[in-house]
Amino acid sequence: SSKSSHKECSLLPYQHYWITSKRIVTPQGVISGSVEIKEGKILSIVKEEDWQGKSKVGHIVDYEEAVVMPGLIDVHAHLDDPGRAEWEGFPSGTKAAAAGGITTLVDMPLNSFPSTVSQETLKLKIKAAKERIYVDVGFWGGLVPENAFNANALEALLNAGVLGLKSFMCPSGINDFPMTNASHIKEGLSVLAKYRRPLLVHAEIQQDSEIHLEAKDGSDDAHSYSTYLKTRPPSWEEAAIRELVAVTKETRSGGLAEGSHLHIVHLSDSSSSLELIKEAKNGGDSITVETCPHYLAFSAEEIRDGDTRFKCAPPIRDAANKEKLWQALLEGHIDMLSSDHSPTVPELKLLDDGNFLRAWGGISSLQFVLPVTWSYGRKYGVTLEQLALWWSERPAKLAGQELKGAIATGNLADIVIWEPDVEFDLNDDYPVYFKHPSISAYMGTKVSGRVLATFVRGNLVYKEGKHAPAACGVTILAR
Ligand SMILES: NC(=O)N[C@H]1NC(=O)NC1=O
Ligand SMILES: [Zn+2]
Ligand SMILES: [Zn+2]
């Protein structure tokens, strides 16, 4: 379009150019060669050995040893716009995404106000995003009790372009986004089947736990992480997933919900919950699962008393659980990764008070997910191909984005260029673009993997600490 070829959209003034590198991550493996980009798309991919003698029309950008990878697709981010833009907002959130190598993100239907639960509220999202996004943004719609039994309302929301639906099986923390039970979820899936779009579920069901929030939240115990951990044991995840896999039986071929798909967000429990998911997959259910960098980077034992930056739901569990999450990811039982970037204002994180039971639950990580996954994954032998699978290829499939998620001819030129070996400190001098760096659990750590450049639809939207002047990301609507 004329808009996305506007010269303010890109820090590179060419419509036809080549990206050259010794390490280009393609679905066929890592190659040395060049990617030809024309008018926002990948026109060809040429291996170094085939490069000689070929006539090259257009500008060449040589990234040498830096890694050229498909841009990351974050299928789980809360940008809180409109309505709670002081928590994050489209401009800051998508600038952080661009600086972190994320070229597409899918915004969650809650924490903004109003929640995205209808055709009208989706329109408000699209309006709020207009000319304010630096990367591409799609939207999940909310499946809530109010619309779950109203097929017309759900169809209107799906027809308006949400990429799928999202629901909670426990209180979401946001009053206007109430939880759903298995009956709501069954209804939602039957509508989604027709559209072949997924349902994402926050899988925790409140059980009677040893510690009751009301009884304890005034006491000193509320400052210790172990108190919080006990309030949300793995049995909450297990109970929810047990109900979900009973429902997903119907997604098998010949089942009542054939054509629909269920995706479990941010798995933390790597024991019984994971076993239930494995069984469902083996049985032919259409089901996938994600986990997040914070469950792979941190463990409960290291979380200091009062450090509510680490509070999230489900909680970060012990080191043994973390090891098993890595194993499940490496063995392919966990399909993909997402940020679950869920910020708030520092006041609600209660950083001074340190009360884990009252603080906002949510991790702020949007800009850091690539270096974090890489840095913490190195000891497990994580490869560049695996990063592309977990962060691009499989998320693209979940979000129904056939022209994204891989460096392949004909795809959109969504690309991140990064240097895996460059280390840096996430300290106060580090340029962080999401709105409230102080609430991020990653601040104060050292990671490796510096993003040099990010291309969205061929536009160089970020280069070494600088963003393109205009916000030319596109809202992605399903049709
Ligand atoms: N409302 C909201 O974003 N909740 C998220 N925060 C979190 O830690 N887990 C969630 O589901
Ligand atoms: Zn959640
Ligand atoms: Zn979330």
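In what order do the four strands of the open sheet stand, and is their pairing parallel or antiparallel? The order is β6-β7-β8-β19, with parallel pairing. β6 (72–77) and β19 (475–476) stand at the edges with a single partner strand each, so one side of each has no neighbour in the sheet. Two strands count as paired if DSSP finds at least two bridges between them. Helices (H or I, at least four residues) and strands (E, at least two) are DSSP runs, numbered from the N terminus.

This is a predicted model, in which local features need pLDDT of at least 70 and side-chain atom pairs count only at pLDDT 80 or more, while totals for chains, interfaces and linings use all residues. Residues are numbered from 1 along each chain as its sequence is written, chains are lettered from A and ligands numbered from 1 in the order in which they are written, and side-chain values use heavy atoms, with hydrogens and water left out.

Helix α3 lies across β7 (102–107), β8 and β19 and runs at about 170 degrees to β8. Such angles run from 0 to 180 degrees between N-to-C directions, the axes being lines fitted to C-alpha atoms, for helices over the stretch in contact (heavy atoms within 4.5 Å).

The zinc ion (ligand 3) is coordinated by His76 (NE2), His78 (NE2) and Asp340 (OD) at 2.1 to 2.2 Å. Donors are N, O and S atoms within 2.8 Å of the metal (3.2 Å for Na, K and Ca); water is not among the atoms, so sites may look incomplete. The zinc ion (ligand 2) and the zinc ion (ligand 3) are 3.7 Å apart. Histidine 76 and histidine 78 are both buried, where buried means under 20% relative accessible area, exposed over 50%, and partly exposed in between (1.4 Å probe, protein chains only).

Helix α5 (residues 151–159) has Leu154, Leu157 and Leu158 as its buried residues. These cover an arc of only 100 degrees around the axis, which puts them on the same side of α5; the arc is that of the directions from the helix axis to the C-beta atoms. Asn152 and Asn159, on the other side of α5, are exposed. The elements that the buried residues pack against include α3 (119–129) and α6 (182–195).

Strand β16 (residues 446–456) has nine of its 11 residues buried. β16 pairs in the antiparallel sense with strand β15 (residues 415–425) over eight bridges and with strand β17 (residues 459–463) over four.
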